[in-house]
Structures are given as C-alpha cells and as structure tokens.
Amino acid sequence: MSSLDPIDVFRTEAAELLDCLEATLLDLGEKPDSGALVDTAFRALHTIKGSGAMFGFDTVAAFTHDFETAFDLVRQGKVPASVELVNVSLSAKDYIRMLIEDPDNTSSIIGDAVLDELRRLVGGVGHASAAAPPAPRTEAAPTGVNGGAALTHEPTQGADAAAGWRIGLVFDPDILRNGTNPLALLDDLRDLGPCEIVPRLDAVPDLAALDPEALTLAWDVTLRGDASREAIEDVFIFVGDEVRLILTPLDAAASPETAPVPACAPASEPERQAVLAPTPQAPVPAEAAGSAPEARPGTRRPEDRPSATVRVEAGRLDELMDRVGELVIAQARLSQLAGLQTDAGIKSISEEIERLSSRLRDTTMGIRMVPIGSLFGRFRRLVHDLSRDLGKPVDFVTEGEDTELDKTMIERLADPLVHLIRNAIDHGIESPAQRGGGKGPTGRIALTAEHVGAQVLVSVRDDGAGLDAARIRAKAEEKGLVAPGTPLTDQQIYQFLFAPGFSTAATISALSGRGVGMDVVKKTIEGLRGSIDIATEPGAGTTVSLRLPLTLAIIEGLLIRVGEGRYVIPLSAVEECVELPALERETRGRDFLNIRGELVPFLRLRTLFEAEGESDPHQKVIVIAAGGVRIGLVADQIIGNHQTVIKSLSKLHADVATFSGATILGDGTAALIIDVGQLVTGGRPERLQEFQEVA
Amino acid sequence: MAEIAEAVGHDGALQVVMLRIGAETFALDAGMVREIIDPIPATRVAGARGHLASVVNVRGNVVPLADIRERFGMPPVAATRDTRFVVIEVAIEGDPVVVALIADKVFEVTEIHFDQRQAIPKIGTNWRPEYIKTIVKFGDDFVIIPDIERILN
C-alpha cells in the first residue's frame, strides 16, 4: 500500500468496524441476552467514536457518542435488546456509514430522527442522563491502578461546586502515539475558566530510559469558576479510555489526603501492563489487546485477526497471476523441448522447473482465494430487512462459509446473489398465513457453498411454494417465447425465467416482479464461466444452484484440432465425446445425432472455421451443454486436457464473437478458446429456441 | 497531422523506422515501434477481418497480426527471408493496443524531414486517402507515412 492517507485508513478501519457492528447487531437480534454481543457492539462503537474524533470526523464522533450513550443502557442491562432496538441500531449504523462516506451530503435530520427513536426505545431516558458518559467496565481491571475504561468518579459526589474543581489528569502513556495532543485538551480546560495547571513529573524516568513517544507527565489542574462536571468531562469525551480523570470539588479538595493520583510511570512491568491492558478499544490496537481481560472468544473485532497478514493492492496480485501464467507457458515449452532431448541433465532440470512452476501457480492462486463467508455476511442484513418489510419471518442459514473462491469472482457474485435471495423471499417464501403442510410460519432461506471437483457450487434454497411450471409455460406462450403445445421438459420451461423481461409475478412489488434481474443474473454467471440450474418441488421449495470455476485466470480446457487449427473448449461445458457416425460425414441438410435416444443437433466446426485440407476419417463430436440445450461440435481430433491460461483477445478483434479469448500452447503458438454460449446462440436468442425445438 | 507535428523536432525532422511492404516504402514513427521480431507461427482467427486475420504470441500476449497489404490493394505474398514482424503500439479509441505488423523488409531507423513533404496526388493512386498521413520525399524516392490507427480499425 503506497498511499497511507490517514483519512483512508480511518475509512477502511471504520468500514470493517461497521461490518462487525452490523453482524453483531444481527446476532443480537437472535440472541438478545448475550452480554458478549452487546460488549462487542459497544466496543465497535467506541472505537469508531474515538478514531472518528481523531481524524476530524466530528459529526461521526458526536453521533456515535449519542448512540453509544443510549446503547450503554442496554449494556448495563437496564434495557433489553429488543427487535425494535436492533432495527433502530442498524439504521443508526447505516447513518454512521453515510456520515463517513459522504459527510457533506448527509443530512443531520436522519441522524436526529434515529436518535430520537433510539432514546424513545431505551425508555424515555432523556438527554440529561443519557449525556452522561458511559460508565466503565471496571470489574476486570485492577482497581487503584487504572479505572478501566473511562471517567472515574470520586465517591465525593455533590452539587456542582461553584468554587471550581480540582482535576487530576493521568493519560495513557500511549496516547501520543495515537495522535492525541494533551496540551490541546488542557487548552480546552482553560476555556472553561481560569486554570492553574501543574505538571507532575514524578513518573518521568531518567533521560536514558526516557521514551519520547510515551507520555509520562501527569497534571493537576485547579479550575475555578462554575464549570459543571459534564462540561469538564465533555472535554475528554474522545479520549475516554485513555485518560483517568479525577474530579474533586474545590472545597472538598481542601483535605490534603484526597485522591492522590497514582502515577502512570512504568515503575514495574506488571503495573505497566495493567495500565495498558484495559485499552483494547484504542484505535491503534496495542499488542496487549490480545491478553486484555476483556478479550472474549468468538468476537470478531479486527484486533482479533492474526497479526501476520499483509494488505496488498489487488492489482499487484493480478500482475503476479499474469507473470505466473507466462511462466507456466514458458515451462510447457521447455518441457516439450526437453522431451526431444536425450540429455538426462536437461530432462531433470525441466522436470524440476515443471514441479516448481506448478506449485508456484497453486500458491499464487491460493493467495487470491477468499472465503465466501465474507460475502455471505452481507446478505444477513438484506434478509433481515426484507423479512421485516414483507412481513415474512425468515430464518437465514448459511453453510460452507469457509469455501474459498477467487477474489474477483466473489466480488462479481454479490449482485446475482442479491437478486436470487430477494426472489426467494419475495416469490419463494409464502406469507405466514399461506404456509401450510406443517412448515410453520417462519420461512427458511439457506445459502450454501461447497467444492464440487474443480468447481464451486453456490446455492440459494428456500422452503417456499416452489415453481409453477404450468404458469411459467402459460406466460412464455403469452409472450410468444414458445409455440403453444411444444413438448418441453420442466427444466426447459424453467429456462424461460432467464428470458429478459420475464416475470410471472401477478403484482409488481418494490422488490421484484418487473422481470428484470434473472436474465442479468444468468448473464453475470455465464460471464464468470459458470452455469445456473433450478430445481424445484411444489410445496417444498426451490433451489437455484450456481456452478462456478475456482478462478478466472486459468481454466481446464479440452484441446481439439479442426483442420490445421487448434482450439480450446472450456471443460466445464463439455458433457461427453462420441465418434461421428460414418453416415453423418457428409451433411444431409440438417445435422442431428441420436445419442442414447436423444436428438442432439451438431455444428461442423470445419465449416464454421473455414478449415482447409481433408477432414480426418474419424471425426469426433464433443457434446456441450449451454443454456439448457445440448449440442455437438464436430472436430477432427481431440488432443486432450489442457491447463488453459486465459489471455484476452485484442480490442481490434472485438468483432469476433465466436471466441472468448486465447491461450498459448506448449509450442508457443496461440490457440483460441471457443465461446460455447456464443456458438450455440450465435448471439441470436432465437437460435437457442431453434435448438430447443429440435431437442 | 497533429500527431506528427508533435513528434517532429524543431528542425522539422522525425525519427522513423523505414520498411517495405509490397513495392512501397513506409515510414513508421519510431516512437510507436516496440520491437522488430522474426516471423513466428500465427493462428488464424475465423471470422476476423481480412487485414487482421490471425494472432501471434508476442512475449506471452496474444496480439493481432496485421497484414496491411489488403488495405492498399496489394496481393498477398508468402514470407521470405527478409520478412519481419514489427510490433507497434497504437491507440485505438483511446486505449493502447499492441499489434504486430507484417513487413516484407525492415531497413533502418532514420530521420525524415518534413520540409520534403509532398501533397498526396489525387490521381495516380488507388489508395484510400484516409489511410495516408502524408508522403515525404526521401533521397530519390517517396516514402508513405501511413495512418496506422485508421488502417487497423
């Protein structure tokens, strides 16, 4: 990462914290009694507040403070974490995100409305008491050394003393590293009234032992005037965790025994740790966070990540992948050449390099792999909101979050999955009243991912009413997509769902029913070299399955020869290979094949690619599946499997639709990758229909 | 013409690579030439336009192989000992695109002077005028400065 703009760092960090907050709030909706979840949410809020103030996002800090204040009542167990509270908290979280991403165009009206709602829910606790800063969780920290989180009130409570306050100030030694300037805070104190500020030097070590970045000074401040306790505490609002503030009314301070502020000097190692330990919320997580008494298993704070990770720009990974692709190609050429040599030394080096490069390829691809759970997490909110808006209670279950996929793939999967999940809730799941058959009023959406061979299978399963083939068929006939009475399998009928503008929804809701979406989903998935299948059972639900390759950069291909040219067919599209019967060698008008009783139309690649020379006597038919139909491609020879490093075609060849890219073969020549979907439809959807009619 | 003017020095000189295609001598702005390589096996692309009928592997990238003879009405010729691929980078709709250009012979890198510029004759040629930026007198001969972007696209 070359640019280290602190604002960007804050934004990235805040985005992670907000994600964590959202996940925690959603968990809390399911387990309202979990104190650990409340604490996690509270910590996330607290960190956002602290770093927001530090990086100049004052509105963020102020809003988050109010949010935190209200939420603190939940933490103290005074208010239950009800569903309404979780909903409002989610809105509050969204508002914080808006404030961070686009502070200029975010109206504070929204924030005020959210806060009002929040305050109403926490039981009419008004501004006055809500404005009191969050009380610290002190039980974990050794008392007497550091009060734990925030502002320690002296037991000598009383009316605000008109005479003034004696203030003892001890900052966390790390506060300078976090970018806080204690002198500015002292200046703020001066604004409240005439101050007498005396630094305490007893904790300052010898010059030799002095760490210039650690704050070892403490201060005693005598503030005269009628400043209220709240006003003083407000000065330290954004360093809540990192300062110990001891406030004593001036008249009470007359007694010399009152509140000697313990020095924060690193007098002994255990004491120092005790001072550091209760600050896991520090914006720059200290190593001590791991050992902090508050660390709980199962929380997902960013601090919990193993420290041995490096953030790398995605572009660099792409570049690395390109280099590795070139290496694989060069290595293939080398081993081909070495195969022709008799020198055993050359052969063994070539084998060594082959082994190394294939391991390097696997490692590089591994670097780009991201667990799909990062994507699944985003949908919990979607399901939560949809279920609320549509009045359909839904359980959202995810499985296989550990399944890894190429990063680019995961990014591009997000939109299609949003569509599928929306459809499942809006169309799939019935309203509670309509749900029969012992299913219970709560619907269930399962989002699962698993490895199937070299592919990943991602499926969205609902337990709703299932698809109505007759209704889809009627709609398709009405739209003229298919002639009435054409024999179609159910699977073929479901394919109409992917036709542009196709919708059987009787009414258009805000979410779906406009028929926009499924065709886009299909296009996106096919763009990722994946396929999409629908399985349904009336009354029991629908499953939409996406089959995706693990990576976009390298595919398994079937290398074939047509005339003099060699081509690659993506292996994921290939169903089977058969020999072309002698009868079919010369075209007889239309070309069909009878494969186990099924009619399969086929295309002669020799004709399509204008191949020259004699055709092979024993031509082969490669049967491919695309868009729900099976067609055969006739080639002269099947050469075999080929690890295909995909190279895109030049912009100048944008008019060539038959090929989706190219690859480089072992001998250094280029081979073209056949775009199966394009070949079947020729870019014309009606071609697909012709094939469907035939099949 | 503007692009040429930019590359031309104060004295009206331009660094060019001189090459022969068919019977004509062309001069390519040396700035666009990446490298000159010996011919390598090309892969035909079914359905592509005639002057971009194949692709070649240039240092791990699959780039179009351009034969601009067709654009100048010249008959196709088999490769000879002198045939070279001139790898150039051109801007197509704003994006840099690498193309290998078939040349029957590559001569040298030299300077041409724009004060020797000639008007393109309206008759006496069957070339399409938009393919030619200008014609410059070089020694006793004329060289063509082609508009590669237009020829390719």
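A residue counts as buried if 20 or more other C-beta atoms lie within 10 Å of its own. By that criterion, strand β11 (residues 541–549) of chain A is mostly covered, with 7 of its 9 residues buried. The model is predicted, and chain A averages a pLDDT of 75, with 80% of the residues scoring at least 70. Chain A and chain B touch: 23 residues of chain B are in contact with 23 residues of chain A.

**Confidence in chain A**
- Residues 253–306 of chain A have a pLDDT below 50, yet this stretch has 95 contacts in the model beyond near neighbours in sequence.

**Strand β11 of chain A and its partners**
- Strand β9 (residues 455–462) of chain A pairs with β11(A) in the antiparallel sense over 8 bridges.
- Within that part of the chain, A:D462 has A:T542 in β11(A) as its bridge partner.
- Strand β10 (residues 531–537) of chain A also pairs with β11(A), in the antiparallel sense and over 7 bridges.
- The bridge partner of A:D533 in β11(A) is A:S545.
- β10(A) and β11(A) form a hairpin with 3 residues between the strands, and in this hairpin A:G539 takes a positive phi near 85°.

**Four-stranded open sheet of chain A**
- Four strands of chain A make an open sheet in the order β2-β3-β1-β4, with antiparallel pairing.
- Strands of a sheet pair through backbone hydrogen bonds, either parallel or antiparallel.
- The edges are β2 (195–200) and β4 (243–249) of chain A, each of which pairs on one side only.
- From one strand to the next, the twist averages 15°.
- β2(A) pairs with strand β3 (residues 218–224) of chain A in the antiparallel sense, over 6 bridges.
- A:R200 has A:A218 in β3(A) as its bridge partner.
- Helix α7 (residues 182–192) of chain A lies across β1 (164–171), β2 and β3 of chain A, and runs at about 15° to β3(A).

**Helix α2 of chain A**
- α2(A) is mostly covered, with 16 of its 20 residues buried.
- Just after α2(A), A:G56 takes a positive phi of about 85°.

**Chain B**
- Chain B has 2 helices and 12 strands.
- Read from the N terminus, the elements of chain B run α-β-β-β-β-β-β-β-β-β-β-β-β-α.
- Of the 153 residues in chain B, 27% are buried.
- Contacts in chain B between residues at least 6 apart in sequence join residues at least 24 apart in 55% of cases.

**Side of chain B that touches chain A**
- In the contact between the chains, 23 residues of chain B meet 23 residues of chain A.
- The elements giving two or more residues to this side of chain B are β4 (43–44), β5 (54–58), β6 (61–66) and β8 (95–103) of chain B.
- β6(B) gives the most to the side touching chain A, with 4 residues.
- By class, the side of chain B that touches chain A has 14 nonpolar, 6 polar and 3 charged residues.

Key: Residues numbered from 1 in each chain as written. Chains lettered and ligands numbered in written order. Predicted model: local features only at pLDDT ≥ 70, side-chain atom pairs only at ≥ 80, totals over all residues. pLDDT = per-residue confidence, 0-100. Contact = placed C-beta atoms within 7 Å. Buried ≥ 20, exposed ≤ 12 C-beta atoms within 10 Å, placed from the backbone. Nonpolar A, V, L, I, M, F, W, Y, C, P; charged D, E, K, R; others polar. Pairing = 2+ DSSP bridges. Axes fitted to C-alpha atoms, helices over the stretch in contact; angles between N-to-C directions.
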